[in-house]
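Open the model in your viewer and keep the selection panel at hand. Each stop below tells you what to pick and what you will find.

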Amino acid sequence: MTTPSWRSLLPSRRDYAGLSRSWRVDVLAGVSVGVVALPLALAFGVTSGAGAEAGLVTAIVAGVVAAIWGGSSVQVSGPTGAMVVVLAPILAERGREALALVTVMAGVLVLAAGAARLGRLVGLIPWPVIEGFTVGIAIIIFLQQVPAAVGVEESAHGAKAWRAAVDAVAGADLASAWRPLLIAACVAVFMVVWPRVTRAVPGAILAIVLATVVTAASGAGVPVIGDLPTGLPMPQAPTLSLGAVMALAGPACAIAALAAIESLLSARVASTYPGSGGYDADRELVGQGFASVASGFFGGMPATGAIARTAVNAKAGARTRLAAIVHALVLLVIVVVAAHAVGMVPLSALAGVLMVTAVTMVRPAMVRSVVRASRGDAVLFILTAVVTVSVDLIYAIVIGVAVAAILALRSVAAAAGVHREELPGGAVAGDERIALLRLDGALFFGAADRVLERVARIDHVDVVILRMSQLDLIDATGAQVLGEVVSSLEQRGVTVLIKGVQPRHLPLLEHAGALAALTDDTHLVADLDAAVARGRAVVAAP
């Protein structure tokens, strides 16, 4: 009995195969990821404008749901920098009351995309676009931390990151700004230096603990996170109205697109680690969709797969979904036990953490590889990064893919050509009146006019033999132009023979009328020798 295809999108016992052997390392990996995720969840929640508690809720609720339902055994989900970048202006414009509804709407769209088996579409995004997108996000995240780093509590989350950074620096009180700036700088330096001492304890969490203790003891008077709930809030359905749904439809689509792209990219990266078990792209979208819906009901943010946390999980030896579940439970325990202490964390310390995170997102070796690959790849990379920072993340992806498609079509068109060849065998009188032309590459709308124009201009011949066996592709435009060129040559008294049409191209040539332009059905031949013999017969005829 065949298993229904929809069952592949559901959790199963196979997800935990080998758990009896790997549960210890899974638990340890989950604890490690939970410690790493805490400062990031707090910081991303604050930076988005949703609040630190929303970041924690997202990491906990979405982390568990995505771990159970997702398509990767080692993927860790929660709030991410890319989502912060796209969510911040939405919340600034619509207010925090729109958070739950737009999160649930985006989750439903991602879930629908997975159910519709659209997961593999992320493979259509070119490598230079992905790298440019990543660099642009890193720049935005870094700039978003400038207000907190100089002690400006009320920053314009909806403004462009560079504008908010400039305004914060210009409006900072120099007499008090040095304290949060010093904290952010010390946290950043500590995070950079600490791994050289040991990697057993994450530098981010230790830096935040030290910064919190020092500022609390010294009474520095810097902005802090503030009061946090001592547990998860009760789930509550978002307020629905037709007007609100219509107003948030566009933002929800943008969030859903970003969530799908980032989650699948993260899952693809995770699949390269030994023992990760690969991933199911469609199931991953279903899992991330459910995760965002659940997060929205608990007052959280839209969730995506987190590349950095997933990498930590995989490197720690995680083999099953238990690790991601444990990571969420660790965060829940911290919220329940130490909510008051977490609320005393300086915002500038979180800014320092995210500034270092942003810098580490940019991989110089990868950037050099992209820029040196080709001029087109360099243009794609720079264009995507610039549009990401100056306009919008989704526009950056769309424009990057569109430009990549144009460059690809240009390359395919450049490879298309027509070449005159010598007739096979010994020379025969009158051979100079026969032109043997070989068509190469793709005869499509981007190249048909240029290629066939050379055929139409040929003169001082009585016969043209078109060798089409080397054509990789021909579209309706190419077939139409070919028919026009054949008709034009025939009207000038030049006999056209078409040789070696591939069977897959015949229906299109027939429907477009290219074959009907030949004066005789016998002028469509399969063998070169037969074509040359027929051409010589035409030349020799009185």
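Predicted model: local features only at pLDDT ≥ 70, side-chain atom pairs only at ≥ 80, totals over all residues.

**Stop 1: helix α2**

Select residues 52-69, which form helix α2. The helix has 18 residues. From first C-alpha to last it reaches 25 Å, close to the 26 Å expected at 1.5 Å a residue. Now go to alanine 62, where α2 bends by about 25 degrees.

Is α2 enclosed by the rest of the structure or open? Of the 18 residues of α2, 14 are buried, so the helix is largely enclosed by the rest of the structure.

**Stop 2**

The structure holds 1 cavity of 30 Å³ or more. The volume of the largest cavity is about 50 Å³. To find the cavity, select its lining: Glu53, Leu56, Val57, Leu228, Pro229, Gly231, Leu232 and Val335.

Which element gives the largest share of this lining? Helix α2 does, with 3 residues. Colour the lining by class and you get 6 nonpolar, 1 polar and 1 charged residues.

**Stop 3: from Glu53 to Arg96**

Stay on glutamate 53, one of the residues lining the cavity. Glutamate 53 lies in helix α2 and arginine 96 in the loop between α3 (81-94) and α4 (99-115), so the pair ties together parts that are 43 residues apart in sequence.

Show the surface here. Glutamate 53 counts as partly exposed, at 27% relative accessibility. Arginine 96 is also partly exposed, at 45%.

**Stop 4**

Glutamate 93 is exposed, with 61% relative accessibility. Arginine 94 is partly exposed, with a relative accessible area of 32%.

**Stop 5: Arg536 and Asp431**

A search of the whole structure finds 13 salt bridges. For another one, select arginine 536 and aspartate 431. Their closest N and O atoms are 3.0 Å apart. Arginine 536 sits in helix α21 (residues 528-540), and aspartate 431 in the loop between β3 (417-421) and β4 (434-443), so this pair joins parts that are 105 residues apart in sequence.

Aspartate 431 is buried, at 13%.

Next, select Glu421, Arg438, Asp440 and Arg467. Salt bridges that share partners join these four into one network.

**Stop 6: the largest pocket**

Move on to the largest pocket, which holds about 1900 Å³ of space. To centre your view, select Ala308, Arg309, Ala311, Val312 and Thr360, the closest to the pocket's centre of the 49 residues that line it.

Which elements give two or more residues to this lining? They are α1 (19-48), α3, α5 (127-144), α8 (174-197), α9 (203-218), α10 (242-270), α12 (307-315) and α14 (347-361). Colour the lining by class once more. The residues divide into 34 nonpolar, 8 polar and 7 charged.

**Stop 7: Ala402**

Select alanine 402, in helix α17 (residues 393-415). Alanine 402 is partly exposed, at 39% relative accessibility. Now draw a distance line to leucine 380. The two C-alpha atoms are 9.9 Å apart, and the residues are 22 apart in sequence.

**Stop 8: positive phi angles**

Finish with two backbone checks. Select arginine 117, in the loop between α4 and α5. Arginine 117 is not a glycine, yet has a positive phi of about 60 degrees. At 35% relative accessibility, arginine 117 is partly exposed.

Then jump to histidine 460, in the loop between α18 (448-456) and β5 (463-467). Histidine 460 also has a positive phi of about 60 degrees without being a glycine. Is histidine 460 buried or exposed? Histidine 460 counts as exposed, at 61% relative accessibility.

Terms used
Residues numbered from 1 in each chain as written. Heavy atoms only, no water. 1 Å grid on protein atoms, 1.4 Å probe; cavity = no way out; pocket = protein on both sides within 12 Å on 5 of 7 lines; lining within 4 Å. Points joined across faces, edges and corners; volume = space filled by probe spheres on them. Helix = DSSP H or I, 4+ residues; strand = E, 2+ residues; numbered from the N terminus. Nonpolar A, V, L, I, M, F, W, Y, C, P; charged D, E, K, R; others polar. Expected span 1.5 Å × (residues − 1). Bend = angle between axes of the 7 residues up to and from the residue. Buried < 20%, exposed > 50% of the residue type's maximum accessible area, 1.4 Å probe, protein only. Salt bridge = Lys/Arg side-chain N within 4 Å of Asp/Glu carboxyl O.
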